[in-house]
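Visitor: Hi! Could you walk me through a model I have just opened?

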Amino acid sequence: MKIAYLWIALIVLSVTSLFVGVTDLTPLDLFGMTEYQWQVMSISRIPRLISILIAGVGMSVIGLIMQQLARNKFVSPSTAGTTDSASLGVLVAILLFPGASPLFKVAVAFVFALAGTMLFMRILSKIQFRDPILIALVGLMFGGIVGSATTFLALKYNLLQSVNSWLFGDFSSILKGRYEMLYVSIPLIAIAYLYANRFTIAGMGEEFAVNLGLKYRQVVNLGLGIVALVSAVILLTVGSLPFLGLIIPNLVSLYKGDNLKSSLPHTALLGAVFVLACDILGRVLIYPYEISIGLMVGVIGSGIFLYLLLRRKSHV
Amino acid sequence: MSDRWKLTILGAIALALIAVFMIIDGSGNWDYVLPRRAKKILAILLTGAAISVSTVAFQTLTNNKILTPTLIGLDSLYLLLHTAIVFVFGSTALAAMGKNAQFGLAVGMMAAFALLLYKLLFKREGAHLYYLLLVGIICGTFFSSISSFMQMLLDPNEFLVVQDKMFASFNNMNTDILIISIVLVALVLAYFYRDFKYLDVLALGKEHAVNLGVPYDRITKRLLVAVAMLVAVSTALVGPVTFLGLLVSNVAYRMLSTFRHAVVIPGTILLSIVSLVGGLLIVERVFTFSTTLSVILNFIGGIYFLYLLLKESKT
């Protein structure tokens, strides 16, 4: 797919997204908005658009980086153990601060995700990995340990459903004052873009990378750090969005190859366009209600990606 | 220490744990206690074998040690089935169905799904395993996003019924189902037995295997069918336990000094029996059923695995 098409789709869908909703707002209203219309725009519609874009771009980009660093196509950002640390944080926030504001709870959960990530990196630094697969394996095991603590507490206090519902992807609760945490990820994604070449080289293996004069450890740590932080922020504010971290990078690399510098823009744009399209559809289908994005992405994504995969000629 | 010794010691630990499990706190009511516990042990042996064989075979086929057969999406289908029944008909419908019908339905759906998936993908000439996995992930995500949406909308009391299905459990083993499962697993293992001996060669990678005269495509397909059947039976019997497979297979690779499947597979089976019986003992005696088996297994197993890795790095 030409990148120009993706840009066009992105712009068209973004504009559409601003004018879809229960309150009547047309592009013409932009000239001479009432006080009320302006509030709808600034409190709900614009934050929603921003968070969709950040979530779509962020999740797919860090998915690609994670797969490159671990040199394994089946590693997703949640493999770094962040998701499990963040869930534990959510649980602790619900348990200890039941009356606190949403942003405060998100901050508590974020601290847990951060601590979990640091612990994960620390374990990795103690292990000399001859095999990049170990990154993913340590992440999975670490996630399993943290996850078991969460399950233990959640079962004890009967909170499993609450934690799961929190982490279910949903944009309808995104309002001004509840999503600002997402901005943390913008500079991180920018750094990821600047370092794209280095991640590509790191993905060729430690010896090769060191030969080319790359500080391998440093680059890997930076990459994993970005992956963990961005996925924690998105998971906690928006919820989990299936497919973005795993299937989109894989699809793009089927067509574009593994050079991050050239596949990163495609991956980012495709991620954003996909989430935007699903969100708009979810808002239109049962208007004036809406279907939450977690379900839309899961259902529509399965259809589209299955089609794309099966249609492709069977040569690898 | 040679691998033979390690396997012997593991076997001895497994036997000792089983003995402890059978007689601990029996307080004289042997007629009541022993048959019930024997059923649990049988279920553990069965699940341990099914999960270990399928995980190791799957990892060799895909040449990827972080994967488990979960990737084909069977666990998600199992959970979706139960969530959907509770969501649409209510938890009483699930209870009214009876265990045998539930088991039959679960095995049937999982087997049908796996076969359909394979059929769809292997029909195309030269279909690559990579596509199968991607398609499996997509289907699994599809199932699990529907079930988590339903779970979010469920009444909390009804959710508790679904919650029980989210974790593996060895309680209330039904004799009929146990016998059927044993027969099914034995049939699968016997029918596909001659394919398993190719695993050592398949581990060398597709090119080498083909060069050495292995009918690669045929063997891969047959093994994948075997893996799916084993996972379907064990999941329907006790619930999702695939993380255990990942854990024990990786501990086994590290513990044993060879990658030969004739050693690794028995090692993995013994390890999973040891961890299942040990975990169940902890759940029943220490936590008095206040938590689930997977919590104990993931916690202790995960820490043990990281410890093994750290120890390996020091030497």
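Visitor: Is Val214(B) partly exposed or buried, and why?
Guide: In this predicted model, Val214(B) counts as partly exposed because it has 17 C-beta neighbours inside 10 Å, and a buried residue would need 20 or more.

Visitor: Where does Val214(B) lie?
Guide: In chain B, Val214(B) lies in the loop between α11 (206–211) and α12 (216–238).

Visitor: And what does Val214(B) touch, leaving out residues up to four places away in sequence?
Guide: On that count, Val214(B) touches Tyr198(B), Val201(B), Leu202(B), Ala209(B) and Ile219(B).

Visitor: Let's switch to chain A. What does its secondary structure come to?
Guide: Chain A has 13 helices and zero strands. As for overall shape, its radius of gyration is 20 Å, close to the 20 Å that the globule rule gives for 316 residues, so chain A is as compact as a globular protein of that length.

Visitor: What box do the C-alpha atoms of chain A fill?
Guide: Roughly 60 × 50 × 35 Å, taken along the principal axes.

Visitor: How much of chain A is made up of buried residues?
Guide: Buried residues make up 49% of the 316 residues in chain A. Looking at contacts in chain A with a separation of 6 or more, 77% are between residues 24 or more positions apart.

Visitor: You mentioned α13. What is the reach of α13(A) from its first C-alpha to its last?
Guide: It reaches 26 Å with 19 residues, close to the 27 Å expected at 1.5 Å a residue. There is also a kink of about 25° in α13(A).

Visitor: Where is that kink in α13(A) centred?
Guide: On Gly301(A). Gly301(A) is also one of the buried residues of α13(A), which include Ile293(A), Leu295(A), Met296(A), Ser302(A) and Phe305(A).

Visitor: What covers the buried residues of α13(A)?
Guide: The cover includes α11 and α12 (260–285) of chain A, together with α6 (129–153) of chain B.

Visitor: And α4(A), how many residues does it have?
Guide: It has 25 residues, and α4(A) reaches 36 Å from its first C-alpha to its last, close to the 36 Å expected at 1.5 Å a residue. Among the buried residues in α4(A) are Lys105(A), Phe110(A), Phe112(A), Gly116(A), Thr117(A) and Phe120(A). Their cover includes α3 (82–96), α5 and α10 (216–237) of chain A.

Visitor: Next, the nonpolar core. Which residues of the largest one touch the most other members?
Guide: Those are Ile65(A), Leu230(B), Ala232(B) and Val233(B), in a core of 194 residues. Leaving aside neighbours within four places in sequence, Ile65(A) is in contact with Ala192(A), Phe199(A), Gly223(A), Ile226(A) and Val227(A).

Visitor: Last topic, backbone angles. What is phi of Asn158(A) near?
Guide: Near 60°, a positive value in a residue other than glycine. Asn158(A) is in the loop between α5 and α6 of chain A. Asn158(A) is exposed because 12 other C-beta atoms lie within 10 Å, and 12 or fewer counts as exposed.

Visitor: What about phi of Asn63(B)?
Guide: Phi of Asn63(B) is near 55°, a positive value in a residue other than glycine. The place of Asn63(B) is the loop between α2 (30–62) and α3 (74–89) of chain B.

Visitor: Is Asn63(B) exposed or partly exposed?
Guide: With 13 C-beta neighbours inside 10 Å, Asn63(B) counts as partly exposed.

Technical notes
Residues numbered from 1 in each chain as written. Chains lettered and ligands numbered in written order. Predicted model: local features only at pLDDT ≥ 70, side-chain atom pairs only at ≥ 80, totals over all residues. Helix = DSSP H or I, 4+ residues; strand = E, 2+ residues; numbered from the N terminus. Contact = placed C-beta atoms within 7 Å. Core = buried A, V, L, I, M, F, W, Y, C linked by C-beta atoms within 7 Å. Rg over C-alpha atoms; globule rule 2.2 N^0.38 Å. Expected span 1.5 Å × (residues − 1). Bend = angle between axes of the 7 residues up to and from the residue.
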